[in-house]
Amino acid sequence: MANEAVAHDTATPYIGWMRKHVLAVLGLFVALGVAIFVYLAWPDKARVDVAAVTGARPKIGEPREQVVPTVQTADPIGWKAGEAPTPAAGLKVAAFATGLQHPRWLYRLPNGDVLVAETNSPPRDGGGIKGWVMRHLLGKVGAGVPSADRITLLRDANGDGVAEVKTPFMTGLHSPSGMALLNGQLYVANTDALVRVPYRDGLTKIDTKPETVVTYPGGGNHWSRNVIVAEDGKTLYVSVGSASNIAENGLAAERNRAAILQVYPDRKTFRIFSTGIRNPNGMALVPGTNRLWTVVNERDMLGSDLVPDYLTAVELGDHFGWPWYYWGGYIDTRVEPRNPELQQYAKRPDYALGPHVAALGLTFANEAKLGGRFARGAFVGEHGSWNRKPLSGYKVVFVPFDANGWPVKGAKPIDVLAGFVNDDGEAHGRPVGVITDQTGGLLVADDVGNAIWRVASAG
């Protein structure tokens with residue numbers, strides 16, 4: 001019994017010593033884990049000015065890969081009475097229409113009426129932490145409201161720059177965005193299908209059930225679709241963004257996505273016109289050459305200085321490198337399996353708009369009457385970043401073009417409409433679609449301010 005007592009007395013201090021050391025080692029591992037997580041999740045601050053990452057020759061620095069994306073949002077606060085965005089010198093701005101529900105895209109009918117798609121993302125699938133974070137971010141940036149699934153008609157009959165008629169034009173759609181007229185049919189790009197209805201000038205409401213022309217993948221990270229009439233006057237271009245950032249859910253989930261489709265409406269078929277183009281949205285034909293141009297949102301989680309969103313001409317068969325490459329051949333080492341054969345063929349975009357500006361709207365200035373400085377070039381609606389520190393975008397910019405239909409050599413984007421974010425980093429609004437009205441003003445859809453702004457010459 002005595003020996004057992006001695007053994008017990010000897011073991012007790014040893015067990016206590018071991019427990020303390022085990023706890024100390026565990027504490028070190030926990031502290032190391034927390035330190036690693038904080039390092040990986042710490043917001044990446046931009047190291048170069050956003051202007052350096054714009055133009056035909058932007059600065060493409062080293063990627064700074066992130067496990068957790070930088071999150072820097074502009075909390076939406078809307079506009080108070082009398083408040084408005086800030087126009088460039090020589091221009092003025094006023095509300096064309098207010099009281100809308102998340103207006104994102106605009107289309108002008110032949111009689112001057114304006115259609116606005118009041119729309120948002122369809123309900124997003126997915127639970128867990130990733131789903132919660134996505135829903136939280138959407139709410140933080142003013143995009144968490146349900147989709148109205150409606151197209152509204154705005155009419156300024158007396159030409160005073162204010163729409164005195166605001167009436168529902170089409171309802172029961174599915175996250176609609178782009179609109180286009182062709183051969184007496186109005187085409188609407190829902191998130192998952194291109195549909196059409198008969199149209200005649202002057203209609204203020206359409207009750208006809210839409211006819212499906214083609215279907216394509218809907219929803220995903222990039223849900224909005226655009227449609228324009230192609231240069232041949234017979235087919236249509238439809239833009240379909242990727243479902244993910246860099247195909248992290250597999251390439252099968254990206255079939256017929258990250259692409260511009262060419263639709264043959266008479267045959268109800270389509271082909272891929274251009275691909276490897278992560279999230280094309282705004283599309284337009286440049287006056288004079290009728291060459292197709294688009295604005296594109298590039299990838300995330302390579303730091304606040306990469307990758308620039310861009311404006312580019314698009315031709316049949318172009319591949320812009322997504323997800324394997326960006327800006328004409330820079331490799332994204334995160335993407336597996338690799339695709340080395342593609343590198344030499346990845347097309348370099350024509351013009352960088354800056355990192356994470358979320359370029360969405362696009363229209364050319366041929367019908368604008370905003371003065372000589374804005375007579376030839378492209379207006380771009382930049383919806384604004386959620387993943388860059390400091391913020392980028394949140395404005396409408398102008399890219400000057402030359403007489404041959406290309407951006408002027410050495411030109412940088414010119415601010416046309418700013419002031420959407422206040423000095424406290426809060427967002428009054430976020431610009432999206434841009435078009436010209438029948439009198440030469442520029443209309444800008446603001447989906448957070450729930451308004452359409454009209455920019456005109458101050459003279």
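**Pocket and salt bridges**

By class, 21 nonpolar, nine polar and two charged residues make up the lining of the second largest pocket. The model is a predicted one. The space in this pocket is about 810 Å³. Its lining counts 32 residues. Nearest the centre lie Y107, I228, A284, T363 and I435. Six strands are named as giving two or more residues to that lining: β4 (103-108), β8 (179-182), β12 (226-229), β16 (279-285), β22 (359-364) and β26 (431-436).

Now turn to the charged pairs. Side chains of opposite charge can pair when their charged atoms come close. The model has 18 salt bridges.

One of them joins R299 to E298, with the closest N and O atoms 2.9 Å apart. Both R299 and E298 are buried.

Another salt bridge brings together the side chains of E336 and R338, at 3.2 Å from N to O. E336 counts as exposed because its relative accessibility is 56%, over the 50% cut-off. R338 has a relative accessible area of 44%, so R338 is partly exposed.

R454 and D437 also form a salt bridge, and their closest N and O atoms are 2.6 Å apart. This pair links distant parts of the chain, 17 residues apart. R454 sits in strand β28 (residues 451-457), while D437 lies in the loop between β26 and β27 (442-446).

How values were computed: Residues numbered from 1 in each chain as written. Predicted model: local features only at pLDDT ≥ 70, side-chain atom pairs only at ≥ 80, totals over all residues. Heavy atoms only, no water. 1 Å grid on protein atoms, 1.4 Å probe; cavity = no way out; pocket = protein on both sides within 12 Å on 5 of 7 lines; lining within 4 Å. Points joined across faces, edges and corners; volume = space filled by probe spheres on them. Helix = DSSP H or I, 4+ residues; strand = E, 2+ residues; numbered from the N terminus. Nonpolar A, V, L, I, M, F, W, Y, C, P; charged D, E, K, R; others polar. Salt bridge = Lys/Arg side-chain N within 4 Å of Asp/Glu carboxyl O. Buried < 20%, exposed > 50% of the residue type's maximum accessible area, 1.4 Å probe, protein only.
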